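Please open the structure in the viewer and keep the selection panel at hand. The stops below follow one another from a helix to aromatic pairs and pockets.

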Amino acid sequence: MKYRVLETARLVLRDWRKEDAQDLYEYARNPEVGPMAGWAPHSDRQHSLQILQRYMESGDVWAIALRECGKVIGQLRMYPDENRGKYVAKYLSYALSADYWGQGLMTEAVKAVIQYVFCRLR
């Protein structure tokens, strides 16, 4: 499933692109980021490239980019709880570069995604 581009005051949530590999590696290698999101830190750029390829193929993970410069600083995915039905319950997973923690950016991104998923997709 390909999502539409979502924009907030400070962010753009969009599909992943091949040129995002370095940005993904920069935040995903941090040992404080991955484990909090349920995955191991990326060991090298090749690992990030493999993950990026999966994101691009699945089309269900938004890249979170800074609106002002386009740098990707995180990711967000919302998907159905298969045990409860497509529209009954959703899971949300995310990761954000530690450099941007505490600024309300993920709250901003999550609000935009919830608005999109629950108000526009139904």
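Begin with helix H3 and select Arg54 and Glu57: these exposed residues sit on the face of H3 turned away from its buried side. Here, buried means under 20% relative accessible area, exposed over 50%, and partly exposed in between, with a 1.4 Å probe and protein chains only. Helices (H or I, at least four residues) and strands (E, at least two) are DSSP runs, numbered from the N terminus.

The model is a predicted one, in which local features need pLDDT of at least 70 and side-chain atom pairs count only at pLDDT 80 or more, while totals for chains, interfaces and linings use all residues. Residues are numbered from 1 along each chain as its sequence is written, and side-chain values use heavy atoms, with hydrogens and water left out.

**The other side of H3**

Next, select Ser48, Ile51, Leu52 and Tyr55, the buried residues of H3. Viewed down the axis of H3, its buried residues fall within an arc of 105°, so they line one face of the helix. The arc is that of the directions from the helix axis to the C-beta atoms. Then select the end C-alpha atoms of H3: they are 20 Å apart, which agrees with the 20 Å that its 14 residues should span at 1.5 Å a residue. The expected span is 1.5 Å times one less than the number of residues.

**Aromatic pairs**

Rings of Phe, Tyr and Trp (its six-membered ring) pair if their centres lie within 6.5 Å; planes under 30 degrees apart count as stacked, over 60 as edge-to-face and the rest as tilted. How many aromatic pairs does this rule give? The count is 2.

Tryptophan 16 lies in the loop between strand S2 (11-14) and helix H1 (21-28) and tyrosine 55 in helix H3 (residues 45-58), so the pair ties together parts that are 39 residues apart in sequence. Tryptophan 16 is buried at a relative accessible area of 6%, and tyrosine 55 is buried at 13%.

Now move to tryptophan 62 and tyrosine 116, an edge-to-face pair at 5.8 Å centre to centre and 80° between the planes. Because tryptophan 62 lies in strand S3 (residues 62-66) and tyrosine 116 in helix H4 (residues 105-120), this pair ties together parts that are 54 residues apart in sequence. Both tryptophan 62 and tyrosine 116 are buried.

**Pockets**

On a 1 Å grid over the protein atoms alone, a pocket is an open set of points where a 1.4 Å probe fits, with protein on both sides within 12 Å along at least five of seven lines; lining residues have an atom within 4 Å of a point. Grid points are joined across faces, edges and corners, and a volume is the space filled by probe spheres set on the points.

For the largest pocket, select Val33, Met36, Ala37, Tyr94, Ala95, Leu96, Trp101 and Met106. Its volume is about 190 Å³. Strand S5 gives the most to this lining, with 3 residues. By class, the lining has 8 nonpolar, no polar and no charged residues, where Ala, Val, Leu, Ile, Met, Phe, Trp, Tyr, Cys and Pro count as nonpolar, Asp, Glu, Lys and Arg as charged, and the others, Gly among them, as polar.

The second largest pocket has a volume of about 170 Å³; its lining includes Tyr55, Gln75 and Arg77. Strand S4 gives the most to that lining, with 4 residues.
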